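The exercises below go through one structure, from whole chains down to single residues. Each task is followed by a worked solution.

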Amino acid sequence: MFEIALLNLVLWLPVLGIGLLLILPANVAALVRRVTLGVMLAQLLAATWLYLQFDAGAAGLQFETRLAWIADWGVHYHVALDGYNILLVLLTAFLGPLVTASAFNAITKDVKLFYAMVLLIQFAMMGTFLAQDLFLFYVFWETMLIPMFLMIGIWGGENRIYATLKFFLYTAFGSILMLAALIYLVWAQYEGSGQLSFAFADLLQTRLPLTAQGWLLAAFALSFAIKVPMVPLHTWLPDAHVQAPTAGSVILAGVLLKMGTYGFMKLGFPLFPDATALFTPVLLALSVLSIVYGACLALVQDDIKKIIAYSSISHLGYVMLGLLSLQLTGIQGAVVQMVSHGLVAAGLFLMVGMIYERCHSRELAAYGGLAKLLPVYSVFFLILTLASVGLPTTSGFTGEFLALLGGFQYGWARHLAGDNLPLVLASVAVTGVVLGALYMLRFALGFLFGAAKAPHAGEHGLADLDGREKSILVLIVLAVFALGLFPAEPLRKTELAAKHYQQLVGTSRLPGGTP
Amino acid sequence: MNSQAVFTAMLPEHLLLLGLVLLVLLEILGRWPRAALNVALGCVALAALSAAVLSYQGFSGAPFPGHFSVDPAGLAVKAMVLALTLPVLLMSREDFASGEFATLVISSLYGVCLVQSSDSFLTLFLGLEILSIPVYTLVLLAYQRPACAEAALKYLVLGGTATASFLMGVSLLYGASGNMDVATFTRALGASDNMNRAAVVLVLLAFFLKAAIVPFHTWAPDAYEAASVPVTAFMSVVVKAAVLLAVVRIFGQAQLASPLLEIVAVLPLLSMAWGNLAAMRQPGLRRMLAYSSIAHAGYLFFALLGDPAGRLQTVAFYLLAYGLLNLLAFAALPPAEDDQSRDRLENLKGLFHRAPFAALMLAMAMLSLAGIPPLPGFVAKFMIFKNVMSAGYTVYAVLGLVASYLGIYFYLRVIQFMFMSPNPSAGTGEGTGTAAAPVMAKSRAYALTATLVCLFAALWISVFPASMMARF
């Protein structure tokens with residue numbers, strides 16, 4: 001009972017925070033910041049408690065709340081934790097305070113609105129992960145767009161209007177087709193069972209003919225693939241990342257992109273297993289293309305934010321590879337990779353933000369030898385770079401390795417069945433690891449070593465990290481190592497969900513089969 | 001039915017009539033010019049309340065059998081439309097000092113009530129005319145602007161065309177059936193002979209004209225732009241609501257079949273697409289919202305494709321969500337030196353820094369009109385497309401959703417102007433504050449009340465949509 005209340009608290013705390021901000025006067029920026037941080041920390045505390053209480057041995061939903069919302073349509077306010085979302089909920093709650101703290105100095109304009117938006121997006125993201133009802137999921141999914149739109153548009157860089165409109169219109173297009181698909185799906189489910197329901201559990205039993213499954217998967221996949229983003233639907237990401245304020249980039253890279261892969265894992269593939277089986281080669285090819293193409297693009301960027309943005313595309317390709325492999329190792333690897341990328345990319349964006357606050361330039365060529373200028377900064381930067389590359393003992397290694405291993409297991413099994421494509425694709429995906437090392441080390445090399453230079457350094461001298469920045473980074477680095485060294489503990493909590501996913505996607509659900 | 005029941009069944013109408021008489025008396029006496037608004041507010045509120053109470057008690061009756069009948073769902077809808085007029089009256093204080101605005105609005109409302117309860121074409125026609133004629137005058141009330149007369153004339157001529165077309169259709173229906181019941185239209189929808197078909201098309205044409213469906217929409221942008229803000233609000237919310245409710249009334253339980261189905265699907269689809277596309281290029285807020293309302297009329301007609309049992313509920317809920325948020329936008333629109341500059345979208349630039357509350361309200365209205373969850377516009381749109389999809393018109397539903405996607409951009413543009421553009425002329429707001437401060441402040445207070453009423457109602461239906469749906 002206590003945990004159920006706590007789960008709802010985790011979801012609604014940000015809304016409470018917005019209410020608090022509303023009654024605060026607009027001119028006390030410091031108080032606004034502190035209140036937001038307090039709310040976020042409380043949320044993290046509650047989420048951690050829930051994580052610890054989460055029973056790894058029990059399948060299905062835990063700490064469930066289910067209340068009728070629009071009873072006539074079978075829509076429920078239905079939130080719960082399960083193996084699918086437990087780690088992502090924790091990740092979201094973990095990044096919340098860090099995002100808040102990171103913007104303390106960077107945001108000086110409309111502080112109150114900014115933190116209200118940070119809280120709103122936190123609420124929407126939490127809701128998307130926790131929702132167990134498709135209608136509720138969609139509501140949260142779309143709600144996310146509004147604060148992000150404002151965040152990039154108000155506090156972004158020089159080209160922010162273009163970037164934010166592109167972001168909104170791109171994602172909204174995917175969502176509108178997903179909306180059509182979800183109405184169709186629910187209706188098909190209703191005709192089959194006579195019970196109107198939006199609950200995931202009910203929808204996962206729908207039997208649909210292959211053509212319908214194909215169209216619906218296409219609509220869902222379009223929406224999710226835009227969010228991931230998968231090549232060739234990735235073009236909004238570099239613009240959004242580059243123009244967004246640091247906090248926006250961190251939220252985007254840390255959590256928002258995982259919405260896409262989470263959507264595939266929780267809904268996209270399990271809802272339409274037969275269509276997924278049919279389209280696996282195409283999806284696999286696109287995932288591998290994302291890995292390699294994203295890495296290649298990252299290799300030639302001059303803008304440091306763009307390097308990380310493209311590396312995100314590459315890293316999330318591994319997640320898709322792992323999910324599509326349908327091997328337990330691959331799926332678990334995908335889950336770890338999601339969290340790991342959330343930590344590492346968020347950390348890197350935070351670090352870029354910190355240097356940008358000091359030097360006001362994102363151009364790689366403008367920097368050099370920061371190891372001499374900012375030694376503490378450089379240590380953290382190097383650690384995160386190596387985590388991004390996938391050095392063993394960091395979380396990046398665990399995720400990428402397991403996902404690739406899953407890809408190979410699948411490829412080998414298909415090879416024995418006479419289909420060589422998956423194996424070839426898995427081999428190509430490995431080159432992504434090499435390319436990843438190449439672009440990140442090029443980045444770190446130019447950034448940290450060589451002749452010392454930094455724009456605007458001469459005027460007021462470069463201050464190394466202060467206590468606030470250090471604490472943010474220490475937390476992230478600790479989490480990166482924790483996940484890299486002891487992956488077994490979180491994986492235990494997601495194992496049953498991974499098996500559940502594997503079984504759902506692996507079982508055909510065409511109409512006429514035995515119920 | 002005894003006179004007691006006649007009185008009860010028509011209580012909302014009687015209250016409106018009472019208000020009207022009081023207003024005319026006040027006008028004749030010529031004293032207390034400011035009292036008119038309060039009288040109007042009181043009588044509309046009482047009428048809405050009485051309709052709501054009657055609906056809540058499950059009252060139904062036919063004081064004039066075959067011509068006028070009420071049932072709980074119809075009364076709830078009546079209460080809703082009447083209640084939606086309250087913010088319009090509240091925000092009118094800024095533009096209209098004397099009582100004529102309130103008088104005309106209440107006369108028009110009487111027509112709305114008749115339309116909503118009509119069983120025969122006689123009552124329906126009466127209702128539609130009583131509803132429309134005051135609105136032609138309302139447009140003219142902003143006579144300071146030269147465009148106003150032109151727009152009012154355009155509106156009048158096209159309104160007259162609609163009336164003529166409606167009467168021609170009805171007379172054909174009467175010729176075919178010898179009957180003036182609205183149910184003859186419902187039957188004619190299923191008929192396949194030329195006379196009935198011609199009648200149906202003529203009647204539909206009249207309603208397309210009145211609801212501004214493409215390609216019969218050209219009067220709307222002009223009329224909306226030329227009228228003053230409260231009048232535009234009244235036209236885009238209450239008049240539109242009445243027209244759509246009339247359509248739902250005459251469609252009855254009819255299932256649509258080809259080729260009528262195509263007319264009722266394709267023209268609204270065009271409306272959505274064209275309304276949303278044309279809105280992108282408009283320089284003025286009212287003209288933009290006029291095109292937006294053309295698109296919304298398209299969604300509303302789409303509701304007719306759905307299951308007959310759910311039509312009234314769907315249309316009523318949509319009208320509620322759309323009406324509330326539209327009114328919110330109009331009520332929150334900050335005042336300016338003159339009407340022209342108040343309307344210009346350019347002048348909204350940097351509004352968040354001048355008037356954060358107004359900017360937030362406008363932003364909320366825009367996002368809801370665009371159908372972005374969690375705002376009520378989404379649930380309403382979802383309901384329509386759910387019904388279209390469940391009736392088996394998957395392709396139309398998908399096309400409609402894609403057409404609605406086209407609309408997102410221009411709503412976002414307003415938000416972009418308010419939040420992301422620099423303040424163009426810092427310091428314009430100071431000049432107006434000194435001259436007529438007390439009057440300004442009081443009428444601002446009225447407008448603010450309108451804003452808050454809309455805001456809380458909108459929040460209520462976005463959190464508990466089911467509580468309102470169950471009423472219709």
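Helices here are DSSP runs of H or I with at least four residues, strands are runs of E with at least two, and both are numbered from the N terminus. The model is predicted.

**Exercise 1.** State how many helices and strands chain A has, and decide whether its radius of gyration agrees with that of a compact globule.

Solution. 
- Step 1: Chain A contains 21 helices and two strands.
- Step 2: For 515 residues, a compact globule would have a radius of gyration near 24 Å; chain A has 22 Å, which agrees.
- Step 3: The C-alpha trace of chain A spans about 75 × 60 × 40 Å along its principal axes.
- Step 4: Of the 515 residues in chain A, 60% are buried.
- Step 5: Of the contacts in chain A with a separation of 6 or more, 81% are between residues 24 or more positions apart.

**Exercise 2.** Describe the side of chain A that touches chain B, and find which element gives the most to it.

Solution. 
- Step 1: The contact involves 25 residues of chain A and 23 residues of chain B.
- Step 2: On the chain A side, at least two residues each come from strand 1 (62-70), helix 5 (134-143), helix 6 (145-155) and helix 7 (160-193).
- Step 3: Helix 7 of chain A gives the most, with 12 residues.
- Step 4: By type, this side of chain A divides into 21 nonpolar, two polar and two charged residues.

**Exercise 3.** Determine how many residues of helix 10 of chain A are buried, and what covers them.

Solution. 
- Step 1: Helix 10 of chain A covers residues 236-243, and eight of its eight residues are buried, so this helix is largely enclosed by the rest of the structure.
- Step 2: Among these buried residues are A:W236, A:D239 and A:H241.
- Step 3: The cover includes helix 6, helix 7, helix 11 (246-271) and helix 13 (304-325) of chain A.

**Exercise 4.** Classify the packing of helix 12 against helix 13 in chain B.

Solution. 
- Step 1: Helix 12 (residues 260-279) and helix 13 (residues 285-302) of chain B pack at an angle of about 155°, with axes 7 Å apart.
- Step 2: Angles over 145 degrees count as roughly antiparallel, and the two helices of chain B are therefore roughly antiparallel to each other.
- Step 3: The crossing of helix 12 of chain B past helix 13 of chain B is left-handed.
- Step 4: The residues that meet include B:V264, B:L269 and B:M272 in helix 12, and B:M288, B:I294 and B:F301 in helix 13.
- Step 5: The residues of this contact in chain B divide into 14 nonpolar, five polar and no charged.

**Exercise 5.** Is A:L496 buried, partly exposed or exposed?

Solution. 
- Step 1: A:L496 sits in helix 21 (residues 488-506) of chain A.
- Step 2: A:L496 has 18 C-beta neighbours inside 10 Å and therefore counts as partly exposed.
- Step 3: Not counting residues up to four places away in sequence, A:L496 touches A:A59 and A:G83.
- Step 4: A:L496 and A:G57 lie 439 residues apart in sequence, with a C-alpha to C-alpha distance of 7.6 Å.

Conventions:
Residues numbered from 1 in each chain as written. Chains lettered and ligands numbered in written order. Predicted model: local features only at pLDDT ≥ 70, side-chain atom pairs only at ≥ 80, totals over all residues. Axes fitted to C-alpha atoms, helices over the stretch in contact; angles between N-to-C directions. Parallel < 35°, antiparallel > 145°, perpendicular 65-115°, else oblique. Left-handed = near helix turned anticlockwise from the far one by under 90°. Contact = placed C-beta atoms within 7 Å. Nonpolar A, V, L, I, M, F, W, Y, C, P; charged D, E, K, R; others polar. Buried ≥ 20, exposed ≤ 12 C-beta atoms within 10 Å, placed from the backbone. Rg over C-alpha atoms; globule rule 2.2 N^0.38 Å.
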